[in-house]
Amino acid sequence: MQKWIARTSILGGLGLLLVFSFFIMKESVPDKIWIVQGKEENFNFHVPMTGVVEQEGLEVFGNQSPTVDKEEIHVDLNKDFSMKSASQGSYSMACRLFGIFQVKEVAVEVVEEESVVPCGIPVGIYVKTEGVLIIGTGTVAGTDGMNYEPAANIVKSGDYIKTINEQVVKTKEDVIDTINQCGGNPVVLGVLRDGEYIELKVEPVKTGENEYKLGIWVRDDLAGVGTLTFCDSAGNYGALGHPVSDMDTGTKVLMSEGTLYEAQVAGITKGEKGKPGEVTGVITYLDQFKLGTVEENTEVGIYGKLERIPEQLQGVEYCPIAMKQEVQKGPAQIISYLSGERKEYEIQITGMDYSSSNVNKGILFEVTDPDLLELTGGIVQGMSGSPIIQNGKVIGAVTHVFVQDAAQGYGVFAEKMVEH
């Protein structure tokens, strides 16, 4: 009996180890690989798997298996190899364990080399929500002197009110006016929750003459300071490197429209252990300070169109975008205007993560530049989107800081930002 239990434990442990190893190997190879047309791109995943690649239109160098049939190339992913294609197109690589068990399918995209202007300037971001965002519920005092929580356990933080009694609402004022017109009768909220539209009935509380409340806290816009990452010759831009998120709910904001403004750095609070620092900016919401539109809020940043090129970027040269396989451990630079002028600050790339679960944390780095450490303590809030340069190419953008060590931070790969 004891031997049977011991064998079962060993087998169970081996099973868990195999599952864990399978997961690690799966996450060690990216879901998508970009290679530049006509250029030989090098890869070194170092996982004990075989990649099976279509032969037509795609060349593989370095460690081809001796068994190469007419349609496929077998690649040892535990060794260095390189790929090249003379024409743009989409291919696929099947990753197999022991050459048998399918682990994942990797998309291989051959693209034209893209160049952008690496920016690094602070910008003001203003967005309006798609519907009215609920950030919480609370207690309201009725005219009878009693306290009520009419919306508790009905609505949730992060819900977006789209309609009230089938009437479209777009602003906080719309919500207040519509509730006051209900005469105390129950109202039906049309709410978007986690991408699903649902209807919720709530009974308002009379709080004054012709005044009724649901006991919900709402928001219909957000504003803040971030960093412009890049722009191209057509005026398209990318910024932040991560989504605009609501500070109370922590969720990515569903936006209807937005505007990009010039911003001036008013002050910097240095980062300390356990306490992230921040950049304080001044934004003037006037047309003459408008830079462009905010059209998309994605997991890897915000995107839109510049109506004019900021003065600070006049004469700044274009840089090519690096593919993730070109990023190396070692020296790199962050471009920033925090000091009032364009500067390149030295950092060290200390690691890369290709897993799809952490798209905003693909690059791990440490600030080594004494001037930046003196100015900010490392990475602070408001620096998100600052371009990262290595070997004359844009390799990524700053996204996060280590709370316990402001000198260390994360970045998103540039190829993810331009691919969005």
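Select K162: with a relative accessible area of 23%, it is partly exposed (the scale runs buried under 20%, partly exposed in between, exposed over 50%, with a 1.4 Å probe and protein chains only). Its partner is E130, and the two side chains meet in a salt bridge at 2.9 Å, N to O (a Lys or Arg side-chain nitrogen within 4 Å of an Asp or Glu carboxyl oxygen). Color the two strands: E130 sits in β10 (residues 122-137) and K162 in β13 (residues 160-164), 32 residues apart. E130 is also partly exposed, at 32%.

A word on what you're looking at: this is a predicted model, where local features need pLDDT of at least 70 and side-chain atom pairs pLDDT 80 or more, while totals for chains, interfaces and linings use all residues. Numbering starts from 1 along each chain as its sequence is written, and side-chain values use heavy atoms, leaving out hydrogens and water.

Next, pick R193 and D159, whose closest N and O atoms are 2.8 Å apart in another salt bridge. R193 is in strand β15 (residues 187-193) and D159 in the loop between β12 (147-148) and β13, so the pair ties together parts 34 residues apart in sequence. R193 counts as buried at 18%, and D159 is buried at 1%.

Now jump to K324 and E415, a salt bridge at 2.3 Å, N to O. Here the loop between β26 (319-320) and β27 (330-336) is tied to helix α4 (residues 414-419), so the link spans 91 residues of sequence. The whole structure has 13 salt bridges.

## The barrel

Switch to cartoon and follow β27-β28-β29-β32-β31-β30, a closed barrel of six strands with antiparallel pairing (strands are DSSP E runs of at least two residues, helices H or I runs of at least four, numbered from the N terminus; pairing takes at least two DSSP bridges). Zoom in on β29 (residues 363-367) and β32 (residues 405-413), which pair over four bridges. There, I363 stands opposite G411.

## Core, then overview

Show M49, M83, M93, I349, F365 and I388: they have the most contacts inside the largest nonpolar core, which has 47 residues (buried Ala, Val, Leu, Ile, Met, Phe, Trp, Tyr and Cys joined through side-chain atoms within 4.5 Å). A second, separate core of 26 residues includes I125, Y160, L228 and A239.

Finally, zoom out: the protein has four helices and 32 strands, and 46% of its 420 residues count as buried.
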